[in-house]
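Here are my notes on the model you sent over. Have a look at the structure first, then go through the points below.

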Amino acid sequence: MSEKSETIERLSVFKTYKLYVGGKFPRSESGRVYEVTDSKGKWLANAPQASRKDARDAVVAARKAFGGWAGATAYNRGQVLYRVAEMLEGRRGQFVREVAEAEGLSKAKAAAQVDAAVDRWVWYAGWTDKIAQVVGGGNPVAGPFFNLSSPEPTGVVTVLAPQESSFLGLVSVVAPVIATGNTAVVIASERAPLPALSLGEVLATSDLPGGVVNVLSGRTAEIAAPLAAHQDVNAIDLAGADEALAKELEVAAADNLKRVLRPQPVDDWSATPGLDRITAFLETKTVWHPTGSLGASGSSY
Amino acid sequence: MYSRYARRYARLVTMPSTAPSPKRSAPLAQGGAPSHTLTDVTASDSTLRRFLHGLPGVDAVGLEARAASLGTRSIKTTSKAYAIDLAISMVDLTTLEGADTPGKVRALGAKAAHPDPTDRTTPTTAAVCVYPDMVAVAKEAVAGSGVKVASVATAFPAGRAALEVKLADVRDAVAAGADEIDMVIDRGAFLSGHYLKVHDEIVAVKEACGTSARLKVIFETGELSTYDNIRRASWLGMLAGADFIKTSTGKVAVNATPANTLLMLEAVRDFRAQTGVQIGVKPAGGIRTSKDAIKFLVLVNETAGEDWLDNHWFRFGASSLLNDLLMQRQKLATGRYSGPDYVTVD
């Protein structure tokens, strides 16, 4: 053997960003990709450009996952969401880099965004088994009945993630949807989809059943149109749509009476979000339950 | 990759699967036996065995490659609309559960007559397929719609009963008004080489069907283990006078696959070429999506030919397939993806 030991330069391994649908990482059915650049126009990676068929597949996956996720106990959902936060924490460095590149932030500012996003998961994880006390409860009725209102998840929710805040904004719209037992089809920010696609990898490794969150990247308007018209989607969050697109999607969504959350201006995604987003995708189920036969005293007790 | 295989093996796969023709032509068809030129191969157990084992072996790799390559055809727009309507008209809407109630069968009959109540241009399905004791209920439910009533019989799905019991089962279903009888062959006898026993049983059942009911013979391809056996079973069924040959009961792990259906389509094509008798094919079980159904229709068109693209000669044994076909049909009509909320739950 020769004594000469050359230092061979290592070939770097590029990451292929893929969609996250039904717990798997497919490429787009259409085979298309598009170039993703940083805020200064430097190429970062190719992201899959999802088609309407990917959207359809995502809805099928989300519908399939709905029964199990909505039927899981609120406590269990909280545990799973907390686990997501744990996994995010472990990949903090990666997300800080991706957010910094995508949004043109300094390392410190990007780190603050990622920390806020992790805190946001934990915040919503805590709400899973508390929201029922806040928006549900026992109603006083004039009769021998218990009358209970309980919040129920709406079903499959399409989420247009915010275009500007690629990670904190994304987490702020996805977490409230799934916390209450909905399943989500998420359209990542068109210009900065990489943090969202990486979030898919986190979700896949954190006990979240496949199909509960499905992440699509591509042209928002192209993917959102069939989803807004889809008869098996129950609600749509238009956070990432501009005014014209939002109107168009709202019209399409009216056909099967989808719940629509209109885009609202958000100045600061890191502010405490309140319960608006979590209650937007809940329905109230009211049940009457007889207290039992009335005794002579007018009460069964 | 498949297309390369397909080209290489195309000649092998499409090679006629006919056996050497019998030395002397049959004198006369005897009572009940089918009247074609191959009648004397069923004269005895040994002639039948010699005939069936004389069929050319199946090239499994080529067969699967050809089935896969035909599955890659892209069927869009108007062709797709045609294919979906054709597939709906070929569905044998099936319920074969221990828990079948008259109510469920009536609901199924209503669905067969009007698969999509929101769109009356939807064609009716070909038939409903039920257990013999439900035939009368089904007959009443589809009365006047042109939908036929098929009934499984002969101790379905295992077929493990005495011949007399099986025949009584068939007579019962026919007497109740079944238009079609789906029988299962005795796989035990077939696998142990008693071909004539299987043959005679099919002949007896055919006789019990009389002239009013068409006979579908189920081979349960998933239990025959080899493609050679499926080819032999197909010829055996056709020789015995089946009106339809059907892949499976839907009750075992492996049901209709493109490859075994392709093999059976080749068999009916070659049988007609040799005897002039046309026989239908029915894949059953495991076909759940419109995409799958359209793949099967491509197989039919490319193998047996256009003559079989009719619900008199080709059927799908399925239950959940119909809902997917209807959702696809709604998508084509409205441009919006439909969902399971817009078709019946059955």
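1. Helices (H or I, at least four residues) and strands (E, at least two) here are DSSP runs, numbered from the N terminus. On that count, chain B has 14 helices and eight strands.

2. Some housekeeping: this is a predicted model, where local features need pLDDT of at least 70 and side-chain atom pairs count only at pLDDT 80 or more, while totals for chains, interfaces and linings use all residues. Residues are numbered from 1 along each chain as its sequence is written, and chains are lettered from A and ligands numbered from 1 in the order in which they are written.

3. Of the 346 residues in chain B, 49% are buried, meaning that 20 or more other C-beta atoms, placed from the backbone, lie within 10 Å of the residue's own.

4. Now take H11 of chain B, residues 227-239. Why call this helix largely enclosed by the rest of the structure? Because ten of the 13 residues of H11(B) are buried, among them Arg231(B), Arg232(B) and Trp235(B). Just after H11(B), Gly241(B) has a positive phi of about 105 degrees.

5. Between the chains, seven residues of chain A contact seven of chain B, a contact being two C-beta atoms, placed from the backbone, within 7 Å. The chain A side of this splits into two nonpolar, two polar and three charged residues.

6. Within chain B, 74% of the contacts with a separation of 6 or more join residues 24 or more positions apart.

Note on methods:
The expected span of a helix is 1.5 Å times one less than its number of residues. A residue is buried if 20 or more other C-beta atoms lie within 10 Å of its own, exposed if 12 or fewer, and partly exposed in between; C-beta atoms are placed from the backbone. Ala, Val, Leu, Ile, Met, Phe, Trp, Tyr, Cys and Pro count as nonpolar, Asp, Glu, Lys and Arg as charged, and the others, Gly among them, as polar.
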